[in-house]
Amino acid sequence: MIATEGIEDEEKWLAEGIAAIQHNAFYMSRALDSNNLREALKYSALLLSELRTSKLSPHKYYELYMRAFDELRKLEMFFREEDRHGCSVINLYELVQHAGNILPRLYLLCTVGSVYIKSKEAPAKDILKDLVEMCRGVQHPTRGLFLRSYLAQITRDKLPDLGSEYEGEGDTVMDAVDFVLQNFTEMNKLWVRMQHHGPVRLKEKLEKERSELRDLVGKNLHVLSQIEGVDLEMYKDVVLPRVLEQVVNCKDEIAQYYLMDCIIQVFPDEYHLQTLETLLGACPQLQPAVDVKTVLSRLMDRLSNYADSSPEVLPDFLQVEAFAKLSSAIGKVIDAQIDMPVVGAISLYVSLLTFTLRVHPDRLDYVDQVLGACVKKLSGKAKLEDSKATKQVVALLSAPLEKYTDIVTVLTLSNYPRVMDHLDAETNKIMAKIIIESIMKNDTCVSTADKVEVLFELIKGLIKDLDETATDELDEEDFKEEQNSVARLIHMLYNDEPEEMLKIICTVRKHIMAGGPKRITFTVPPLVFSALKLVRRLQGQDGDMAGEEVPATPKKIFQLMNETIEALSSVPSSELALRLYLQCAEAANDCDLEPIAYEFFTQAFVLYEEEVADSKAQVTAIHLIIGTLQKMTVFGVENRDTLTHKATGYSAKLLKKPDQCRAVYACSHLFWVDDQDGIKDGERVLLCLKRSLRIANAAQQQANVTRGSSGPVTLFVEILNKYLYFFEKGNPQITPGAIQSLIELIKTEMQSDTTTPDSASDAFFTSTLRYVQFQRQKGGLMGEKYNPIKEVA
């Protein structure tokens with residue numbers, strides 16, 4: 001309620017003030033039109049008296065000031081035309097000083113002073129000095145600030161600048177600089193004093209009002225930056241030291257933050273670079289509450305843009321040791337501001353790192369130095385729990401990845417993993433994913449064991465538990481995605497040198513084996529396939545070579561893989577282990593290493609016997625075993641017979657009859673291999689096929705007993721196709737008569753009342769008969785072979 005009344009009162013006071021200004025402005029304009037100097041001065045003084053009010057807030061006072069300012073522009077035009085008022089500018093300068101109140105007097109004095117300088121009847125520096133000194137007569141913060149703002153506004157185009165019409169005859173650029181600096185100093189003092197100009201309970205409101213007036217003070221710095229004569233030397237020796245002196249000495253956090261930012265924004269980049277030490281030296285002297293990190297961040301951002309836009313200035317950065325100075329300044333600021341939160345310190349290092357990556361991307365030592373400073377700041381502290389600080393650390397670690405796009409470069413940074421150690425387990429995972437994504441996106445190949453060691457140390461959050469959180473508590477989909485990303489990463493680790501590649505494999509194995517049972521089911525397969533790639537490159541090197549260091553040989557790699565898969569089979573993940581054993585057996589076959597291949601098959605059979613219990617899994621496993629064994633060429637007669645006997649035995653012991661039948665007829669391929677001499681045992685092929693027929697017949701009878709119908713004839717048609725296959729391949733035991741008998745058997749079964757009609761089986765059989773007919777009609781040797789087979793109606 002009180003606040004509302006205060007706003008209404010202020011609106012009323014403002015309206016009254018504007019009305020008074022308009023009233024007096026009317027009479028002043030009438031006096032100007034009639035060239036009546038005395039009346040014009042009288043009403044202009046009355047008009048300006050309205051600016052003596054203390055009732056208005058700075059925002060409302062500004063509105064009132066602008067009304068008066070517009071009228072003063074008309075008065076200034078009148079003062080310039082001496083023939084209208086008949087008074088010389090010197091006499092006019094004396095005359096206005098007789099105004100009754102000091103505030104109107106000084107506004108009028110500044111207005112006439114502007115005309116006086118333009119007339120060049122006196123040195124500009126003397127008039128400027130007189131005006132800036134006289135304005136000290138008003139010490140009320142708001143009134144004094146606006147008065148000096150008016151002084152700066154009307155004199156800005158009349159300063160004795162280089163090449164200006166006001167330069168010369170004793171007037172120099174230094175006089176202009178002294179005037180602006182003195183006005184700036186006085187305005188800043190008034191601005192700072194505003195904080196004490198009101199009750200303490202309204203501190204927040206006063207600070208807001210002060211902030212609204214900051215541009216009045218900042219305009220002085222803008223004017224300084226526009227003075228042509230302010231070269232680097234003058235800026236370095238005069239302007240910057242005096243401005244910084246005022247900034248530091250005012251001891252006001254709002255003023256210090258704004259003015260430091262103002263300095264950075266208005267003066268040229270080149271000046272900042274050459275005066276870096278002076279500018280940075282002021283930062284630790286600022287008040288603790290000043291947001292120095294934002295000031296320094298903007299400075300570094302500005303210098304970075306300067307380097308980007310003008311590559312030819314890069315040597316200057318090295319010459320002035322910009323990085324060393326910025327790094328030192330940031331250290332001093334952090335040390336000086338004891339209460340600075342961790343997030344503030346890290347954000348400073350993020351800005352410094354961004355600057356380094358943009359200006360000195362080739363200096364990895366600088367990048368590592370920034371990371372090292374961050375480690376020092378974080379050392380002795382627990383894992384980061386502040387989410388803002390964590391985000392800043394992630395930004396710090398992500399910056400080199402984005403810049404270099406090559407993880408190998410980042411892996412050379414010794415402090416990179418040390419920074420990651422300060423992240424909590426969840427954020428460590430996020431960072432690990434970012435690293436892997438970078439590798440995948442840029443198709444980066446990590447090619448040495450040392451770098452792989454560092455890389456896996458960085459992504460340890462994904463390959464093992466960093467805290468007590470069990471993997472069971474993780475979301476299943478997220479866990480799978482994480483582990484699949486690690487699996488993809490393993491394929492990006494490669495070296496053309498076999499010895500180094502083996503070291504990489506051993507390094508990866510060391511890390512992933514510590515990942516626990518849930519993880520290795522994802523990470524062991526890519527490791528095994530990576531090792532098998534190496535084995536195929538080394539085919540033929542089956543012996544161990546003499547020497548101090550044992551070279552990479554297939555035998556050594558297979559031993560390593562055997563141990564690795566054995567760990568997987570104990571998880572248990574027996575089906576996956578069985579598949580990997582068979583893959584290794586196939587690779588050992590290609591390397592002509594019979595004992596090793598036999599050992600892998602033995603392990604596969606042991607797993608099948610002891611671990612694979614599910615009937616569907618058994619069917620899949622036995623077909624995998626048969627398929628792999630069929631391709632093996634390394635085994636001698638004895639070993640091959642042992643393995644094929646095992647395979648056929650297990651096939652016949654499957655739970656369901658149809659599964660038994662299919663596995664047994666698949667075993668027939670173990671005794672007849674086209675592309676190899678010696679394994680063409682027609683009798684055993686026929687035995688397998690006959691055995692599968694007996695099982696198929698037993699399956700029909702079993703179905704007839706349990707369901708009252710014998711089911712479809714699909715199994716018989718599948719066996720018929722096997723007969724035709726081996727018949728074409730030239731197996732003497734498969735005769736046209738045997739095929740003919742089987743066709744008749746199938747037709748009889750199909751016509752039986754107990755057989756369940758099945759369109760798929762009928763189509764399959766019809767297609768098979770059509771194939772037989774096609775082969776008979778084709779002619780040639782194959783046609784002659786098929787000719788004895790007659791279709792049975």
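Valine 664 is located in helix α35, which covers residues 657–667; helices here are DSSP runs of H or I with at least four residues, numbered from the N terminus. The model is a predicted one, in which local features need pLDDT of at least 70 and side-chain atom pairs count only at pLDDT 80 or more, while totals for chains, interfaces and linings use all residues. Residues are numbered from 1 along each chain as its sequence is written, and side-chain values use heavy atoms, with hydrogens and water left out.

With a relative accessible area of 3%, valine 664 is buried; buried denotes under 20% relative accessible area, exposed over 50%, and partly exposed the range in between, for a 1.4 Å probe and protein chains only. Not counting residues up to four places away in sequence, valine 664 touches Ser651, Ala652, Cys688, Arg691, Ser692 and Ile695, where contact requires heavy atoms within 4.5 Å. Between the C-alpha atoms of valine 664 and proline 160 the separation is 108 Å, and these residues are 504 apart along the chain.

Glutamine 246 belongs to helix α12 (residues 232–250). Its relative accessibility is 10%, so glutamine 246 counts as buried. When neighbours within four places in sequence are left aside, glutamine 246 is in contact with Phe184, Thr185, Asn188 and Lys189.

The structure contains 27 aromatic pairs. Rings of Phe, Tyr and Trp (its six-membered ring) are paired if their centres lie within 6.5 Å; planes under 30 degrees apart count as stacked, over 60 as edge-to-face and the rest as tilted. Phenylalanine 558 and phenylalanine 600 form an edge-to-face pair, with 5.7 Å from centre to centre and 70° between the planes. This pair links distant parts of the chain, 42 residues apart: phenylalanine 558 is in helix α30 (residues 554–569) and phenylalanine 600 in helix α32 (residues 594–610). Phenylalanine 558 is buried at a relative accessible area of 2%, and phenylalanine 600 is buried at 2%. Elsewhere, ring pairs join Tyr61, Tyr62, Tyr65, Phe69, Tyr107, Phe146 and Tyr150 into a cluster.

Charged side chains also lie over rings. Lysine 518 is placed over the face of phenylalanine 479, 4.8 Å from the ring centre. Lysine 785 lies over the face of phenylalanine 727, at 4.8 Å from the ring centre. The criterion is that NZ of Lys or CZ of Arg is within 6 Å of the ring centre and within 35 degrees of the ring normal.

Helix α30 packs with helix α31 (residues 574–590) at an angle of about 165°, and their axes are 9 Å apart. The axes are lines fitted to C-alpha atoms, for helices over the stretch in contact, and angles run from 0 to 180 degrees between N-to-C directions. The angle therefore makes α30 roughly antiparallel to α31; under 35 degrees counts as roughly parallel, over 145 as roughly antiparallel, 65 to 115 as roughly perpendicular and the rest as oblique. Residues making the contact include Phe558, Met561 and Ile565 of α30 and Leu576, Leu580 and Tyr581 of α31.

Most residues other than glycine have a negative phi. Aspartate 592, which is not a glycine, has a positive phi of about 60°. Aspartate 592 is in the loop between α31 and α32 and is exposed, with a relative accessible area of 57%. Glutamate 321 has a positive phi near 55° and is placed in the loop between α17 (314–319) and α18 (322–336).

Conventions:
Helix = DSSP H or I, 4+ residues; strand = E, 2+ residues; numbered from the N terminus.
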